[in-house]
Amino acid sequence: MKHASTTGADAVTHAPATEALYDAEVLIIGSGAGGATTAALLAEAGFDVLIVEEGDWVEQGTVVPFSLDQMNRQYRSGGVTVALGLPSIAYTEGRCAGGGTEVNSGLYRRPPAELLDRWRTQYHIRDLDPDEMYAIAEEVETALNVTPVPGAVSPASTVLQRGADALHWQNSESPRWMKYPAGGSAASGQRQSMTRTYLPRAQRAGARLLTQCRVRRLSINGTRASDAEVVLADGSPGRIRFRHVFVCGGAIHTPALLQRSGLRERIGDTLAVHPTVKLAARFPDPINMPDDVPVHQVKEFAPEISFGGSASNPGLVALSLADNWGQFSHALQDWERVCVYYAAITSEGKGRVKAIPGLRDPLVTYHLTARDRQMLRSGLSRLALLMLAAGADEVYPSYHHAPIVRSTADIAELQRSFATTKATVMTVHLCSTVPLGEHPRCAADSFGQVRGMKNVWVNDASMLPDAPGVNPQGSVMAFAVRNARRFIGTERPRG
Ligand SMILES: Cc1cc2nc3c(=O)[nH]c(=O)nc-3n(C[C@H](O)[C@H](O)[C@H](O)COP(=O)(O)OP(=O)(O)OC[C@H]3O[C@@H](n4cnc5c(N)ncnc54)[C@H](O)[C@@H]3O)c2cc1C
């Protein structure tokens with residue numbers, strides 16, 4: 001019998017070449033926003049918890065944010081993955097201890113009250129109480145130190161505020177999960193990701209964490225899963241026996257794992273994302289802070305369309321100019337005056353995740369509706385207008401054969417020539433592949449228990465009924481805490 005470390009990342013043990021065997025009362029697969037939160041609550045309630053994570057533990061500060069090194073060590077497939085469709089949508093996922101929370105922008109939004117109300121009625125979510133959800137949100141905000149930037153926001157963020165104010169569009173600063181030193185500024189924050197918060201908390205309560213361990217499939221007999229087949233860091237096989245399992249591998253890998261384990265009913269058929277288009281904008285003065293992201297968001301047309309800023313180191317600026325490199329490349333020389341901004345939409349379309357026998361990664365597809373395509377066109381045009389209103393001298397929309405926008409007259413040309421099939425459509429918000437609720441289309445019950453299974457739960461972005469229209473991590477964590485508490489209220493630790 002092998003036991004993983006109880007003391008932290010450095011001391012995690014890995015198994016020998018013969019099949020290693022682990023035992024856990026509760027196995028949690030994935031250590032991101034959903035998995036880490038679930039692990040902390042269950043361990044603190046006295047359950048014997050083992051968390052397994054496919055990626056490695058990467059200490060903050062040992063990689064440069066948004067660098068190629070970070071892409072290799074903390075992102076799945078180096079950050080390059082795609083949902084096939086017309087157009088295809090490029091997406092990005094974290095793959096490391098802490099999952100997406102280690103690499104994301106850290107912008108926090110609570111699930112809006114109208115959203116909770118719509119989800120409760122449309123998906124028949126039992127006992128979804130907004131007061132309880134907001135009490136949990138407050139708890140999470142305290143645990144993550146969700147806070148506005150101390151002092152002045154970055155110049156790239158001020159751009160959004162200035163442009164929106166000029167157009168009388170609603171905008172606000174999104175707080176982040178950050179700790180700033182006394183007298184600190186926008187660039188001095190320490191991200192309060194899962195490796196800084198819920199994972200150490202889970203470990204202090206006795207949870208074990210096994211990194212670089214990928215779960216291949218669960219063995220299922222009737223209505224119960226009994227053990228997980230895993231591949232360890234050195235490629236050797238292992239097996240984990242458990243009483244309960246929470247699958248928290250994120251919205252792509254949770255449904256893929258369930259399908260590989262033989263659970264297919266309504267699983268993976270309802271992928272929802274926030275499709276996003278981008279542009280780069282050049283201003284008369286320097287605005288670019290390579291390690292930072294703008295914190296202002298423009299919500300005048302939300303939840304249908306939201307605007308914000310992206311990470312903009314020189315490599316990412318180059319990437320956003322690449323669709324029209326011949327005409328746009330000169331802007332790279334001025335990268336300190338250039339930043340990348342986005343328009344994200346709430347999509348009517350849906351995608352699919354399908355595990356393919358023999359392949360490690362699932363096939364992911366996404367279908368944008370005609371309305372989605374129209375919203376992306378409209379979003380990009382309005383974003384260009386926002387940039388001009390903020391004082392941009394040149395705007396470079398990210399699609400093939402796009403014009404340089406210098407005046408409102410050029411926006412008409414943008415609208416005429418834009419097509420989603422020519423654009424780089426991407427997303428970092430993936431959810432809803434195992435939606436919860438009592439509605440027949442939901443693959444899990446109101447608290448994330450997979451239909452037909454007595455001891456299998458999902459508790460990550462997969463369970464959100466559809467795309468929230470706001471940054472999702474706050475919603476993922478609030479539901480994860482709610483569901484973990486329900487589990488604690490109905491199951492007893494073995495003791
Ligand atoms: C670049 C980027 C920027 C973002 N910015 C924001 C933002 O500013 N605000 C916001 O609210 N949200 C943001 N998000 C989204 C947010 O990070 C996610 O919504 C959130 O992390 C989802 O949590 P999760 O638990 O579902 O999955 P994740 O956090 O992705 O965690 C899943 C973990 O499971 C592991 N795993 C998967 N399969 C297996 C397996 N078979 N065996 C073992 N381990 C497995 C993965 O390696 C991963 O570490 C961003 C995401 C990205 C990628």
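Here is a short tour with a few stops.

Before you click, know that this is a predicted model, where local features need pLDDT of at least 70, side-chain atom pairs count only at pLDDT 80 or more, and totals for chains, interfaces and linings use all residues. Residues are numbered from 1 along each chain as its sequence is written, and side-chain values use heavy atoms, with hydrogens and water left out.

**Stop 1: a pair of helices.** Select residues 33-44, helix α1, and residues 473-490, helix α13. (Helices are DSSP runs of H or I with at least four residues, strands are runs of E with at least two, and both are numbered from the N terminus.) Two packed helices are described by the angle between their axes and the distance between the axes. Here the angle is about 30° and the axes are 9 Å apart; axes are lines fitted to C-alpha atoms over the stretch in contact, and angles run from 0 to 180 degrees between N-to-C directions. Now show side chains: Thr37 and Leu41 are among the α1 residues that meet α13, whose side of the meeting includes Met477 and Phe487. Contact means heavy atoms within 4.5 Å.

**Stop 2: Glu102.** Select Glu102, in the loop between β4 (89-91) and α3 (113-122). Is Glu102 buried or exposed? Glu102 is buried, because its relative accessible area is 3% and buried means under 20%, exposed over 50% and partly exposed in between (1.4 Å probe, protein chains only). Among the residues Glu102 touches, leaving out those up to four places away in sequence, are Gln60, Cys96 and Arg191. Ser193 is on that list as well, and a polar contact of 2.9 Å joins the side chains of Glu102 and Ser193. (A polar contact is a pair of N or O atoms within 3.5 Å; within protein, one must be able to donate a hydrogen and the other to accept it, and residues adjacent in sequence count only if both atoms are side-chain atoms.)

Stop 3: Go to the loop between β20 (394-397) and α12 (408-417) to find Ser398. Ser398 is buried too, with a relative accessible area of 4%. Follow the side chain of Ser398 to the backbone oxygen of Ser320, at 2.8 Å. Other residues that Ser398 touches include Lys278 and Thr424.
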